[in-house]
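Here is a short tour of a predicted model, written to be read with the structure open beside you.

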Amino acid sequence: VFDIFRETTPLPTVHNICEDVEWEGMHFRLKAYARFFREVLRQKQPAGLPVLYLVSDGLDVFFNDLSEAAGLGDVATSDERALATARLLAER
């Protein structure tokens with residue numbers, strides 16, 4: 001299924017961070033996510049729009065926090081953050 005997704009998605013980059021790795025349980029997936037994003041943070045990010053990371057594993061889906069990119073301050077409510085993130089997704 002992932003190969004079909006990778007070949008048909010309009011997204012410029014798709015990573016399967018658990019590809020070719022023996023499954024060791026639910027905790028394994030979370031450790032793989034943590035390793036991947038620690039490495040992302042270590043690398044210099046290109047100038048331009050902030051990168052939106054969409055993580056999907058079956059029915060589990062989450063995004064990175066783009067509240068800074070949306071111009072929200074620390075006092076924004078969760079509803080304001082959700083609306084700003086939805087707006088960024090629609091614009092891109």
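Of the contacts in the chain with a separation of 6 or more, 15% come from residues 24 or more positions apart; a contact here means heavy atoms within 4.5 Å. Among the 92 residues of the chain, 18% count as buried (buried is under 20% relative accessible area, exposed over 50%, partly exposed in between, with a 1.4 Å probe and protein chains only).

A word on conventions: the model is predicted, so local features need pLDDT of at least 70 and side-chain atom pairs count only at pLDDT 80 or more, while totals for chains, interfaces and linings use all residues. Residues are numbered from 1 along each chain as its sequence is written, and side-chain values use heavy atoms, with hydrogens and water left out.

The chain has three helices and two strands, in the order α-α-β-β-α from the N terminus. Both kinds of element are DSSP runs numbered from the N terminus: helices are H or I with at least four residues, strands E with at least two. The average pLDDT of the chain is 75, and 79% of the residues score at least 70; pLDDT is the predictor's confidence in each residue, from 0 to 100. Of the elements, helix 2 has the highest mean pLDDT (83) and strand 2 (residues 60-63) the lowest (62).

Two side-chain pairs can be found here:

| Pair | Type | Geometry |
|---|---|---|
| Arginine 42 and glutamate 39 | Salt bridge | 3.4 Å, N to O |
| Phenylalanine 36 and phenylalanine 37 | Edge-to-face aromatic pair | 5.1 Å centre to centre, 85° between the planes |

The salt bridge is the one found in the whole structure (a side-chain nitrogen of Lys or Arg within 4 Å of a carboxyl oxygen of Asp or Glu). Arginine 42 counts as exposed because its relative accessibility is 61%, whereas glutamate 39, at 37%, counts as partly exposed.

Conventions: Phe/Tyr/Trp six-rings, centres within 6.5 Å; stacked < 30°, edge-to-face > 60°.
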